[in-house]
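The entries follow in the order I made them.

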Amino acid sequence: MKSSDTPLKKKSLDAKAVKAWASKNAILLVLLALVVVVGIVRPSFLIFDNLVNIMRISSVRAIIALGVGGILITRGTDLSAGRTVGLAACIAASLAQRPDYVSKLFPDMPLLPLIVPIVAALGAGLLVGLVNGIIVAFLSVPPFIATLGTMVMVYGAVSLYVDRPPRGAQPLGGLRADFTNIGTGTVGPEAFSVPTILLIAVVIAFLIWVLLNKTRLGKNVYAIGGNPEAAVVSGVNVKRNLLIIYILGGLLYGLAGVLLAARTGGATNNYGNSYELDAIAAAVIGGVSTSGGIGTVGGMITGVLIFEVMNNGLVVLGVSAYWQQIVKGLIIVAAVAVDIRKYLRKR
């Protein structure tokens, strides 16, 4: 009996192991399935240039998602992320225009060092993050309301910034080559070149992983999201840590704005519109809990890739843009519903 039972027990254990692995890596399996299905239906989807383009677009989105995801882990949210990206993009673009460009926002401005538009955009993102952090942490305004207010204010501010009578709010173009190269250039031999913007995103993702997993700030972020009251009792300075995580989010949005302007070669006051919704959805799809305390960098990145593969795949398949919005909305609702059901089961 024992010898006959052993194979059955082994098969049972193997089945459980496979099921556990599939459950743990479900998000990666979904991404792989999307790639395979779209690739079979439209082989042009798997063309190298198209895949590289997806990675370029995903790089900016991933940086935004990392900023929003960290805030979601603390049970917060940031609706101002997209508009902050737009603000940073416009500031960077306006300071990186060529001196000979006839429609410069600042006609008499000389050629500035490349670091100036980058630092200025990062500073703008930091300032918005600081304001959000102060309102949420020290004024105790719910994150949804606080960041909704700053979202509206930031859009007004960027619209005023690019508004130059009598021309009005014109698109910002004519960017210098060394700036746009950040978003469109590559590194390495031509046959094996890697987009510069992708390398930047990888470095940022690694740094955020280290921050969340290997530092006291990261442990505090998860503790605040898991149980704010218990975190206070444990000696965690909740207000200070919330302020830091919102400032960090602002810096990441600022960087994303720089990369977006560099990749597209310009900017308008509508840049970044609804990016925060995509970032929140990608983070939740990637396993970040809306109830706080749960989330990984790998999950956030995978969630972004799923969204970009889906968007690109629907375009390749010729699906109407209106239907794309419906599909995206359904995925967002489904992801949040699944997350809430997990939370209820744990209770």
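How many aromatic pairs does a search of the whole structure find? I searched the whole structure and got two aromatic pairs. I note that this is a predicted model, where local features need pLDDT of at least 70, side-chain atom pairs count only at pLDDT 80 or more, and totals for chains, interfaces and linings use all residues. Residues are numbered from 1 along each chain as its sequence is written, and side-chain values use heavy atoms, with hydrogens and water left out.

Entry on Phe106 and Tyr161. I count rings of Phe, Tyr and Trp (its six-membered ring) as a pair if their centres lie within 6.5 Å; planes under 30 degrees apart are stacked, over 60 edge-to-face and the rest tilted. The ring centres of Phe106 and Tyr161 are 6.1 Å apart with planes at 70 degrees, so I wrote down edge-to-face. Phe106 is in the loop between α4 (81-95) and α5 (115-138) and Tyr161 is in helix α6 (residues 143-162), so the pair ties together parts 55 residues apart in sequence. Helices here are DSSP runs (H or I, at least four residues), numbered from the N terminus. Phe106 is partly exposed at 26% relative accessibility, and Tyr161 is partly exposed at 22%. Partly exposed lies between buried (under 20% relative accessible area) and exposed (over 50%), with a 1.4 Å probe and protein chains only.

Entry on Phe206 and Trp209. Their ring centres are 6.5 Å apart and their planes at 20 degrees, so this pair is stacked. Both are in helix α8 (residues 196-214), three residues apart, which is about one helical turn.

Notes: Helices (H or I, at least four residues) and strands (E, at least two) are DSSP runs, numbered from the N terminus.
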